[in-house]
Amino acid sequence: MPTEPHNPPGNTLPDDAPPFRYGAALANEIEARWQDRWESERAYDAPNPGESGFDAARPKKFILDMFPYPSGAGLHVGHPLGYIATDIYARYLRMTGHRVLHAMGFDAFGLPAEQYAVQTGTHPRVTTERNIATMRAQLRRLGLGHEARRSVATTDEGFYRWTQWIFLRIYHAWYDAGAEGRGGGRGRARPIAELVAQFEAGERATSSGRPWAKLNEDQRRAEVDGHRLAFLAEAPVNWCPKLGTVLANEEVTADGRSERGNYPVFKRPMKQWMMRITAYAERLAADLDRVDWPEPIRQMQRNWIGRSAGAFVDFDCSTRRIRVFTTRPDTLSGATYLVLSPEHEMVDQLMPERYGAAGFARAIFPGAEGLVARNAPPRDMVGAYRAHAKSRSDEARREGDEKTGAFTGAYAINPMNGARIPVFVADYVLSGYGTGAIMAVPGQDQRDWDFAKAFGLPIVRTVQPPADFNGEAYVGEGPAINSGILDGLPVEEAKQRIGAHLRAIGRGEPTVTYKLRDWLFSRQRYWGEPFPVVYDESGRAHPIPEGMLPVRLPELDNFQPESSDDPDAPPRPPLARASDWARVELDLGEGTKRYTRETNTMPNWAGSCWYYLRYADPWNERAFVGREAERYWMGGNGVDLYVGGVEHAVLHLLYARFWHKVLYDLEEVSTPEPFGRLFNQGYIQAAAYTDERGVYVEAAGVEERGGSFWFGGGPVRREFGKMGKSLKNAVAPDEVCASYGCDTLRVYEMSMGPLEASKPWNTRDIAGAHRFLQRVWRNLIDERTGATRVADGPGEPDLRRALHKTIAAVRRDMETLGFNTAVAKLIEFNNELTKRCGPDSGAPVPREAAEALVLMIAPLAPHLAEELWSRVAGASRGSVVRAPYPVCDESLARETSVEVPVQILGRLRGKVSVPADADARALEAAALADEKIAALIAGKPVKKVIVVPGKMVNIVTG
RNA sequence: GCCCGAAUGGCGGAAUUGGUAGACGCGACGGACUCAAAAUCCGUUGGCAGCGAUGUCGUGGGGGUUCGAGUCCCUCUUCGGGCACCA
């Protein structure tokens with residue numbers, strides 16, 4: 001406890017300031033002292049079931065922040081916004097009798113440490129550990145009440161061993177779409193052994209239809225591998241030669257570049273590990289209804305999953321059948337041609353030797369004219385078109401609305417009306433969606449209309465547009481026409497009818513498809529989790545037995561993946577260079593044999609898919625999480641509050657939900673969803689300045705003069721953007737803490753505005769938060785002597801009323817994370833306190849008000865509150881961390897009389913004072929009796945009087 | 001193009017279910033303290049008219065519902081975010 005004045009040189013306080021004023025130095029001294037104390041007393045530890053001190057009677061709350069990457073640049077004040085909010089909420093919950101799990105770990109694998117290693121030769125582990133230490137210190141300085149013993153890092157062997165273990169669980173599982181789901185519904189993951197048993201018993205047909213018993217070893221393996229939830233596939237992947245790695249679809253921008261680094265990305269087939277997330281598409285979409293998440297986030301996930309209901313339709317094409325997917329099977333009669341994607345596997349088989357007579361353009365694309373002129377055969381024409389389509393970037397594909405394509409020379413039969421329709425390839429049909437083939441209905445689809453116009457193909461309307469319709473393709477409601485049995489039916493009924501019809505004639509069936517693709521799970525990187533997989537001499541994959549985990553990363557002196565400008569360069573992951581590590585002799589149950597390790601590593605998302613489960617039981621060496629701990633902390637609907645930025649709306653949240661659902665199906669976890677309630681905090685923006693060349697200058701050095709901004713003598717332009725290094729506008733929390741203390745920073749960040757909103761940082765405004773805390777301190781502590789200004793007793797009724805109304809309002813705000821208004825109400829109450837019994841009044845502060853104020857401030861400014869609590873309440877009452885949060889006494893909060901506005905014709909004309917419980921009649925009488933009101937309505941007939949008791953009176957005159 | 005979200009004083013932002021618009025903070029202005037400045041404290045502060053009581057306008061623009069609209073409906077504008085030839 002300070003007994004000496006705390007005004008060292010450099011303090012913002014003047015030399016003659018009172019010795020016990022709450023300034024930067026005192027704040028810093030208080031904060032350091034209590035941080036040490038909380039740490040040594042393990043103030044935030046929450047025992048697990050079975051640990052001493054565990055109390056099952058108390059409700060649990062699992063509060064979670066999104067997993068941070070420990071960046072070398074350190075934190076800026078924008079980062080901890082969400083952390084401060086969860087800390088305040090967690091502290092509030094502790095004070096209201098909850099057991100709170102609140103921990104912070106580090107998503108520490110990833111590219112920056114690896115790139116730094118490439119540049120400097122420093123091992124990524126060294127960089128990572130240093131960055132974690134820095135970040136831990138920064139977080140500690142903010143007074144965040146995380147449970148230190150639960151802090152984990154994905155790079156810890158004790159952690160990634162379980163990441164590998166979960167990978168194996170997924171590898172050893174398959175999705176049985178027909179099985180009864182755990183907790184109702186259809187579909188669940190099951191152990192792969194059960195699939196094998198089904199094959200062996202002949203209960204399940206193999207994909208080829210040949211009996212299991214007749215299959216050889218490799219065929220059986222292929223059959224089983226084709227069902228696994230983690231599987232190897234030769235699939236078109238996003239290859240980024242510059243980064244020397246493949247990327248997930250989600251990591252590629254719309255214009256075909258890498259999200260990280262903005263390098264060109266090429267589609268190219270490669271053998272890679274995949275996760276069968278598409279098996280869960282339906283449940284991932286449907287279960288969004290069972291979580292309390294912001295609606296926009298749920299929308300984004302729904303859009304990403306992209307569920308669409310429609311039908312498969314099979315078209316005969318000489319001896320083959322082409323299956324298309326459509327959401328408008330009702331328009332089948334209007335299908336005047338088919339389009340396959342250029343990559344469609346049937347294209348080669350369909351093409352005849354030469355074109356027959358055709359009444360439409362055979363091909364439209366750059367260079368097509370020459371081929372048409374010399375009457376090139378379909379094979380050449382389509383080949384040239386495919387080359388063209390491949391060379392076009394996704395960006396170019398979208399640019400310009402002109403449709404390109406080529407006629408295959410083949411014709412298909414429309415199953416609805418027997419019409420002979422041409423088959424095209426065109427890149428407006430995507431290979432990855434549906435069946436990679438469409439039936440084109442120009443009358444009801446604008447894209448098909450455009451193509452039909454360009455190629456001179458017929459257009460048949462099958463839905464009657466309204467009389468005043470003068471557009472091209474008509475996509476609205478209307479009766480079916482030109483459609484035989486469907487004629488006259490509205491769209492929805494026609495869809496039902498045609499679905500049944502197709503099924504009856506064996507030419508298709510209703511179905512559902514998704515935009516969601518399987519998740520590419522391999523990366524050609526060093527700093528990631530190694531796969532627990534080896535390959536035998538014939539290239540067959542073998543999982544590493546659980547007992548041999550973890551598979552550790554080898555030491556390397558060169559961490560660089562081979563980067564190239566050549567899109568065809570082979571991938572050379574850094575681990576492939578660790579030949580001593582990659583070549584192993586193992587006994588996997590068939591005697592000691594030679595194997596080669598998988599040299600790819602897992603993507604960065606792997607660790608963040610399950611870290612929250614590890615928080616619940618981080619010291620468990622026998623399981624990734626103990627059953628009892630999992631059931632306790634995840635009980636109810638999983639994590640009780642998950643706070644993070646919108647940037648994870650799709651990727652992390654979708655992958656984590658997927659893993660969680662697999663683990664749920666396999667009975668490793670008890671809830672179908674991981675995160676019951678999600679909250680997105682906004683960004684902190686900051687002014688950034690560009691000079692005359694348009695280059696960003698250090699925002700800290702900019703001066704404002706007469707409304708314009710100057711840097712180093714030259715004028716600069718102001719803009720606002722996300723705080724960070726690139727805009728040179730980052731403000732470090734350490735600086736703010738040094739000048740004001742972290743309690744001030746916490747209060748300021750919370751008072752800036754609603755948590756979910758993005759708002760601009762304004763260093764000038766911090767003083768307001770600091771003054772508030774200073775005034776609280778000044779009300780309770782004599783600035784000259786350091787003695788408390790608190791006297792026993794409850795205080796006057798007016799003060800008590802203000803207090804209890806504040807308690808009720810602040811509690812409401814805490815529950816809804818409305819910390820900005822909570823702060824405002826506390827300031828308001830403290831201002832009231834200052835007026836009635838501040839230092840200038842000479843009156844002491846009543847104990848009830850003093851203690852309640854300190855306790856209400858405790859979650860927001862815990863250090864100041866702890867210090868005041870120890871001085872005002874005394875050491876015997878313990879720490880403020882678990883002190884009971886004040887409770888509003890309704891009888892004390894109630895007003896005796898209220899001032900009610902009186903309106904005439906909806907316009908405010910006066911106010912009357914009435915007892916708070918005055919009923920409508922009394923209120924009306926009081927309003928009409930008011931002199932001013934009476935004068936205003938004199939001579940006018942009163943048509944109606946609207947009275948809302950306690951709220952207002954509105955007199956409607958004629 | 002489609003889907004979300006937002007727009008309130010000089011600034012950040014408040015306003016239960018439609019019921020006193022502008023809480024709280026910053027800034028600005030005036031005052032106290034000081035030789036002075038800083039810090040701190042007290043007061044004023046949406047626009048316009050008025051000495052004043054007060055009146056009047058006012059929540060991005062236009063229209064509507066209602067006794068009453070920042071809040072509900074229609075429409076437009078601007079800004080932010082997501083998706084983007086997904087059949």
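## Hairpins, sheets and charge pairs in a predicted model

In strand E20, Lys593 is the bridge partner of Leu586.

**Strand pairing around E20**

Strand E19 (residues 583-587) and E20 run antiparallel and are joined by five bridges. The two form a hairpin, with four residues between them. In that turn, Gly589 has a positive phi of about 105°. E20 (residues 592-597) also pairs with strand E17 (residues 533-535), again in the antiparallel sense, over two bridges. There, Tyr535 stands opposite Thr596 of E20. Strands of a sheet pair through backbone hydrogen bonds, either parallel or antiparallel.

**A second hairpin**

Strand E8 (residues 308-317) and strand E9 (residues 320-326) are antiparallel and share seven bridges. Phe315 has Ile322 in E9 as its bridge partner. Two residues lie between the strands of this hairpin. One of the turn residues, Ser318, has a positive phi of about 45°.

**The four-strand sheet**

Which strand order does the open sheet of four strands have? The order is E32-E31-E34-E33, and the pairing is mixed. Strand E32 (907-915) and strand E33 (942-948) are the edges. Each has a single partner strand, so one side of each lacks a neighbour in the sheet. On average, neighbouring strands here are turned by 20° against each other, direction ignored.

Within this sheet, strand E31 (residues 897-904) pairs with E32 in the antiparallel sense over eight bridges. Ser897 stands opposite Pro915 in E32. Helix H29 (residues 920-929) lies across E31, E32, E33 and strand E34 (952-957). H29 runs at about 125° to E33.

**Backbone exceptions in loops**

Leu549 and Pro550 are joined by a cis peptide bond, with omega about 0°. Pro550 sits in the loop between strand E18 (541-543) and helix H16 (579-582).

Two loop residues have positive phi without being glycine. Arg42 has phi near 50°. Its loop runs between helix H1 (24-40) and strand E1 (60-65). Asn482 has a positive phi of about 55°. Asn482 is placed in the loop between helix H14 (446-455) and helix H15 (491-504). Its relative accessible area is 48%, which makes Asn482 partly exposed.

**Salt bridges**

The structure holds 61 salt bridges. Side chains of opposite charge can pair when their charged atoms come close.

| Pair | N to O distance |
|---|---|
| Glu129 and Arg125 | 3.8 Å |
| Glu147 and Arg149 | 2.7 Å |
| Arg801 and Asp798 | 3.2 Å |

Glu129 and Arg125 both belong to helix H4 (residues 124-141). They are four residues apart, about one turn of the helix. Glu129 is partly exposed at 47% relative accessible area, and Arg125 is partly exposed at 27%.

In the second pair, Glu147 is buried at 1% relative accessibility. Arg149 is partly exposed at 25%.

How are Arg801 and Asp798 placed in helix H24? They are three residues apart in H24 (residues 797-815), so about one helical turn separates them. Arg801 is buried, with a relative accessible area of 14%. Asp798 is partly exposed, with 40%. Salt bridges that share partners join Glu796, Asp798, Arg801, Lys805, Glu832, Arg836 and Glu895 into one network.

**Cysteines**

How many disulfides does the structure hold? The count is zero. Cys742 is in no disulfide. Cys737 is buried at 1% relative accessibility, and Cys742 is buried at 0%.

**Confidence**

The model scores ipTM 0.96 and pTM 0.92. Chain A has a mean pLDDT of 90, and 97% of its residues reach 70 or more. Among the elements of chain A, helix H18 (residues 611-615) has the highest mean pLDDT, at 98. Helix H13 (residues 394-398) has the lowest, at 57. Over residues 1-11, pLDDT stays under 50. For that stretch the model has 24 contacts beyond four places in sequence.

How values were computed
Residues numbered from 1 in each chain as written. Chains lettered and ligands numbered in written order. Predicted model: local features only at pLDDT ≥ 70, side-chain atom pairs only at ≥ 80, totals over all residues. Heavy atoms only, no water. Buried < 20%, exposed > 50% of the residue type's maximum accessible area, 1.4 Å probe, protein only. Pairing = 2+ DSSP bridges. pLDDT = per-residue confidence, 0-100. Contact = heavy atoms within 4.5 Å. Disulfide = S-S within 2.5 Å. Axes fitted to C-alpha atoms, helices over the stretch in contact; angles between N-to-C directions. Salt bridge = Lys/Arg side-chain N within 4 Å of Asp/Glu carboxyl O.
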